[in-house]
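Hi everyone, thanks for coming.

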Amino acid sequence: MGDEHIDALREVDLDVRTNEYVAIMGQSGSGKSTLMNILGCLDRPTAGEYWLNSERVSRMNDRQLAGIRNREIGFVFQTFNLLPRMSALSNVEVPLIYSGLPKKERVERATAALETVGLADRMRHRPSEMSGGQRQRVAIARALVTRPSIVLADEPTGNLDSTTGEEIMNLFDQLHDAGNTLIVVTHEQHIAARAGRVVRLSDGDVVSDVNARNEE
Amino acid sequence: MLIGETVRISLASIRSNLFRALLTMLGIIIGVAAVITMVALGTGAQRAIDKQMQAFGGDILSIQSSAWFSRGVARNRQTLTTDDALALSTGMEHVEAVVPEISERYQIKYGNQNLNLSVIGTTPNHLDVHGFAMAHGAMFSSADDAARKRVAVIGAELPGMLDAEPAALIGRSIQIRSINFEIIGVLEAKGGSGWRNPDDDVWIPLSTAQFRVTGDEYVETISAKIAETSSTEMGMLEIERVLRREHGILPGKDNDFAIMDRKQFAESRQAATEVFTYLLAGIAGVSLVVGGIGIMNIMLVTVTERTREIGVRKALGATRGNILLQFLVESTILCLLGGLIGLALGATASALLARYAGWQTVVTSGSALTAFGFSAAVGIVFGIWPARRAAALDPIDALRHE
Ligand SMILES: Nc1ncnc2c1ncn2[C@@H]1O[C@H](COP(=O)(O)OP(=O)(O)O)[C@@H](O)[C@H]1O
Ligand SMILES: [Mg+2]
């Protein structure tokens, strides 16, 4: 608040390829979430460009952005952001409703996504009836269900204990192996180590961009 | 997006807080119930007048001595006589029947009971012309009239007022102005015609009334039934011509009588009732608008409460239109549900009023549909602002909302 002008991001030039697994690190306030929100089309950059699959997203209108969020992006939040009054299955169906899919197909795809994250036996449960790790799995299933071009996760283990966090990260490894493109924000070195590439932010600048696999 | 899906989401959201939904709908429920009841009352009153007009059959004109002014004061000069009635009942082309009558309120005694009722002196054809029927006994005859017999036919409500079985009253005696009359007939109920109840009148032969009760030969009113094949106007002209001749009124002079069209009178009453109905419905409609403001208020609260949900939905690909529709559908469903409950309540209230207050009420499908359509419109009109606010939310701001 106030009159002070903050540039949450400054010199960011990032190029992410299909099936890359990128970890984004940096201190609190370094601009990680701001970057993720722009990549997830939840926020717009005040300047600069964002291209996704040869489309200039940064120039799109509200309606087009909603379509991109729906089709191209799967967002996993630190706080899960499930809709509390709905079952796991219904939660996973939500993006498909906005894609205009008929009920039968929605249920089939949502069921498959929940099976992928290992929740075949929890589909009728509400978020309040599930553990944190299970909730995050539902959220991941919801991100995957539209078969997006890119899965974005902003501190997905931030609200989980270390064992559960480990399980979630194993799940991300599987998703990467299955061909998904992942960008994951994390504070923890050992989690970042799973990614092929680590981007470090500081005060809105990219201070390092290391391709771990190449270094090895 | 599929509208069915939107409806389902809205229903789930309403179900999740039923009590609040009910409170939200209360204004609409009361508004619709009020509109339905008011219109039912108005329609009932109109139906009563309609029935009365149908009962007229061929139009009936009412001829009375005209009021005239003397030193700025209206005075009623008696000008109609039995001879006029006689003149109007013979050789007329457009007039089928005439009924002369006089009426006055008198003290009636039956045993040790005293009543103050209208006593109507009239001719036997009063029964047919005015659409009455006998329940017990018989109407007095022309012979009774000619002989100035002291016989009486009583209205359907009199037995009840006298605590007697209708059939048992035949042959009994009542006193009108201390003169003994024999009851020879009891009428069937005709029902209140709005401003006057004809069922508590006492009828006696006209001549009897003139010579034994009032003591003069004037008649107060002559009802003239127009022939089915003639127009009211033709009948009026013929009556005017005959009466002017009878009264020896020179050309250019005013009539000393007035001819009134009771159908016309009923029509103007109907118009007044209609205006009254609209007025009542309008007042009830105001409460519907107040109900709409209640809906808007709660929907604004709902949008604030569900800001995070809106953020999540937008992050998952909901467009502004999707969100707008969702909240609009929700407020419309609330209003329609409220309308439905209000409709049931209004219909119940109308039925209760008819049963316990004795007012005729008619709930028409037209008034039900109007009230229903109106509540849907209220839902849309008052839902649009909260829905627009929800739709305009920035996804990232909405997601940050605690
Ligand atoms: N809504 C906002 N209004 C103003 N400043 C903000 C807002 N959100 C984030 N910032 C600022 O932008 C910078 C980057 O924030 P953020 O991207 O959330 O960092 P991180 O996720 O790395 O902790 C911080 O300086 C923060 O204070
Ligand atoms: Mg952050």
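Let's begin with the interface: together, chain B and chain A bury about 2100 Å², and 59% of that is on carbon and sulfur atoms. On the chain B side, the residues that lose the most area to chain A are B:Arg313, B:Leu316 and B:Ile396, together 26% of what that side buries. Do keep in mind that this is a predicted model. The contact draws on 22 residues from chain A and 24 residues from chain B.

A:Arg85 pairs with B:Glu309 in a salt bridge, with the closest N and O atoms 3.5 Å apart. Helix 11 of chain B provides the largest share of the side that touches chain A, six residues. By class, that side of chain B has nine nonpolar, six polar and nine charged residues.

On to the ligand. Which residues surround ligand 1? From chain A we have A:Ala8, A:Gln27, A:Ser28, A:Gly29, A:Ser30, A:Gly31, A:Lys32, A:Ser33 and A:Thr34, and from chain B there is B:Arg400. The site is therefore shared between chains, because residues from chains A and B surround the ligand. Helix 1 of chain A, residues 32-39, gives the most to this shell, with three residues.

Looking at oxygen atoms of ligand 1, one is 2.5 Å from a side-chain N or O atom of A:Thr34, and a backbone N or O atom of A:Lys32 lies 2.9 Å from an oxygen atom of the ligand. On its own, ligand 1 has 560 Å² of accessible area, and the protein covers 60% of it. Thanks, and I'm happy to chat!

Methods:
Residues are numbered from 1 along each chain as its sequence is written. Chains are lettered from A and ligands numbered from 1 in the order in which they are written. This is a predicted model: local features need pLDDT of at least 70, side-chain atom pairs count only at pLDDT 80 or more; totals for chains, interfaces and linings use all residues. Side-chain values use heavy atoms; hydrogens and water are left out. A residue is near a molecule or strand if one of its heavy atoms lies within 4 Å of it. A polar contact is a pair of N or O atoms within 3.5 Å; within protein, one must be able to donate a hydrogen and the other to accept it, and residues adjacent in sequence count only if both atoms are side-chain atoms. Accessible areas come from the Shrake-Rupley method with a 1.4 Å probe; for residues, only the protein chains shown count as cover. Helices (H or I, at least four residues) and strands (E, at least two) are DSSP runs, numbered from the N terminus. Contact means heavy atoms within 4.5 Å. Buried area is the accessible area (1.4 Å probe) that two parts lose on being put together, summed over both. A salt bridge is a side-chain nitrogen of Lys or Arg within 4 Å of a carboxyl oxygen of Asp or Glu. Ala, Val, Leu, Ile, Met, Phe, Trp, Tyr, Cys and Pro count as nonpolar, Asp, Glu, Lys and Arg as charged, and the others, Gly among them, as polar.
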